[in-house]
Amino acid sequence: MITVKDLCLWYGNTQALHHINMDIPEKAITALIGPSGCGKSTFLKTLNRMNDLIPGIRITGEVCYNEKNIFSPDVDVNMLRKEIGMVFQKPNPFPMSIYDNIAYGPRTHGITSRVKLDDIVERSLRDAAIWDEVKDRLRKNALGLSGGQQQRLCIARALAVSPDVLLMDEPTSALDPISTSKIEELAISLKEKYTIIIVTHNMQQAVRISDKVAFFLLGEMIEYNDAETIFSMPSDKRTEDYITGRFG
Amino acid sequence: MRSKFDEQLALLHKELITMGSLCENAIALSAKALDEGNLTMSEEVFDFTGQINQKERDIEAMCMRLLLQQQPVAKDLRVISSALKMVTDMERIGDNSGDIAEIFTMGHITPAHNKLNIHDMALATIKMVKDSIDAFVKNDYKLAKEVIEYDDVVDRHFDQIKLQLIRCLSEPEADGEFALDLLMIAKYFERIGDHAVNIAEWVIFSITGSKEA
C-alpha cells in the first residue's frame, strides 16, 4: 500500500535518510525502531509530508501511496494528510471542547450537518476506545482529560477524517503503564480498519503489537522483517546489538 | 544494565556446564560399576542424581528470573529458552543413570555374566552426552550435528544386544533375570542417547534459531 523507493533526505548538508526501500503492508502495524537520531521520526514525518516546511530540507526518491508518488506536484497535501493521519508523542488536544476537537477536521473538510458531525464524533470516540469515558462531557474542555485520555482523544481526532493510514510518533512515551496498555490495545484493534506505522523506543511494545519491524541506524534502514523474526532471529548483528541493549 | 545481564548469562552458562559434567559423571560411574561389578560405586551414582535434580531446579529458577527481569530477545531469548529445555533432558540422563545403577544393585548382572557388548554401548552413549555438552560450551554447530548422527551408532548397539539376548534366552539354561535386566539397562543407555540428541538440537536452536530434524 505504501511503497518507499530509494528515499533520501537531507537537512541542509546533513543527510538524514539514506536510500530507504520498503513496502509497508496495509491493515497491519509496522514499528520503526532505532536509537535516537537514527532517522525513524524523520522517515515517519516524510510519509505524510509533515516535514515539507522545514527550511533546507531536500528529498529524493519516491513514497508511493496507492501507487502515486506523494511528492508529485499535483498531490494535494491537505488531502494526503486527511488520508494519512498523525498522532504525536505528547497529547496535543486543541484548547476547546472534546466535541469540537473531534469535529474540527471534518468541519475543515466542509462537513457542517449537525447530524453528520454527531455521528462522526461518536464513531471516532468509540473507535478510539474513549467514548464511554467522555460521552457525558462532550462539551467540556479537552484539556481537563488525563494524559492517557487526551492521547486517545488525539487518536479519535485523527480518525474523524476517515484516514487509511495512522502514523504514530512514540504515542505512549508520555503515558503511564495503564494508559500505555490502553493505547496498545487500541492500536491492535485499529489495525482491522487502518494501516498503522508507529515509532517506538519501547522494544517490548514493538514485540507486543507490531506485525513488521524496521530497524533504523544512522539514517539507514538496516533490517526490515516480521516482528517475530526481528526479535528472535535478527539477521544483522547491529539489529541484534540494539535490541539486546548492547548500544543505543 | 546490559553488563549485569551479561554476568547473569555467564553464570547460567557455568551452571549448565556444571550440570552437564554431573551427568557425564553419573553415566560414566554407572557404566563403570557395571563393568567392574562394584556395588559401592552404583550407590555413588545416586549421590550424583540428587545433585543433578537440585541443579535442574536452580537453573530453572535462574532462567525464570532472567525472563522476568531482562525480557530477553534474539540470541539471549534463544539461549535462555534452550537452557530451560536442556536441563529437562539432563535431569532425565541423571535419572536414567540412576535407573541403571538401581537395576545393577539387584545383583542379577555380574561381570563374568556380562559377555555382551554393553560396555561398548555405554562408551558410545557417554561420548554422545559429553559431545552434546561440549557443543553447548563451545557453541559448536558441527559437533551438535555429529551428536545427532552418532545416535545411529547407539541404536545399532541396542539392536545387537537385543539379538544376543534373544539367542541367550533360547539356550536351555537361559538366565531370564539376567536377560531382562540387561535389556532394561541397554534401553536406558539408548534413552540417554536420545536425550543427548535433544540437547544437541537445542544447541542448534540457540545458534540458528531453528530446530532441525
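Before going on, a word about what we are looking at. This is a predicted model, in which local features need pLDDT of at least 70 and side-chain atom pairs count only at pLDDT 80 or more, while totals for chains, interfaces and linings use all residues. Residues are numbered from 1 along each chain as its sequence is written, chains are lettered from A and ligands numbered from 1 in the order in which they are written, and side-chain values use heavy atoms, with hydrogens and water left out.

Two strands pair if DSSP finds at least two bridges between them.

Back to β8(A). Strand β3 (residues 29–33) of chain A is joined to β8(A) by four bridges, and the two run parallel. Strand β7 (residues 165–169) of chain A also runs parallel to β8(A), with five bridges joining them. In that pairing, A:Leu167 stands opposite A:Ile197 of β8(A).

So, how much of β8(A) is buried? Here buried means under 20% relative accessible area, exposed means over 50%, and partly exposed is in between, using a 1.4 Å probe and protein chains only. Five of the five residues of β8(A), residues 195–199, are buried, so the strand is largely enclosed by the rest of the structure. In a regular strand, side chains alternate between the two faces of the sheet. You can follow that here: A:Thr195, A:Ile197 and A:Val199 point one way, A:Ile196 and A:Ile198 the other, and all are buried.

Next to look at is β6(A). This strand pairs with β7(A) in the parallel sense over four bridges. A:Val87 has A:Met168 as its bridge partner in β7(A). From β6(A), A:Ile84 and A:Met86 point one way and A:Gly85 and A:Val87 the other, and all are buried.

Now for another sheet in chain A. It is an open sheet of four strands in the order β2-β1-β4-β5, with antiparallel pairing. Its edge strands are β2 and β5 (68–69), each of which pairs on one side only. Strand β1(A) is joined to β2 (residues 14–24) by seven antiparallel bridges, and to β4 (residues 57–65) by eight, again antiparallel. To find these on screen, look for A:Trp10, whose bridge partner in β2(A) is A:Gln15, and for A:Leu9, which stands opposite A:Ile59 in β4(A).

A:Asp6 lies in β1(A), residues 2–11, and counts as partly exposed at 37% relative accessibility.

Let's turn to empty space. Rolling a probe the size of a water molecule over the atoms shows where such space is left. A pocket is defined on a 1 Å grid over the protein atoms alone, as an open set of points with protein on both sides within 12 Å along at least five of seven lines; a 1.4 Å probe is used, and lining residues have an atom within 4 Å of a point. The largest pocket has a volume of about 560 Å³, taken as the space filled by probe spheres set on the points, which are joined across faces, edges and corners. Of its 20 lining residues, the closest to the centre are A:Arg81, A:Phe94, A:Gly105, A:Arg157 and A:Val161. The largest share of the lining, four residues, comes from α3(A).

Last stop, chain B. Helix α3 (residues 74–105) has 32 residues, and at 1.5 Å a residue it should span 46 Å; its end C-alpha atoms are 47 Å apart, which agrees. That expected span is 1.5 Å times one less than the number of residues. Within the helix sits B:Ala101, which is buried, with a relative accessible area of 1%. Leaving aside neighbours within four places in sequence, B:Ala101 is in contact (heavy atoms within 4.5 Å) with B:Ser30, B:Ser42, B:Val45 and B:Phe46. After the helix comes B:Gly107, with a positive phi near 85 degrees.
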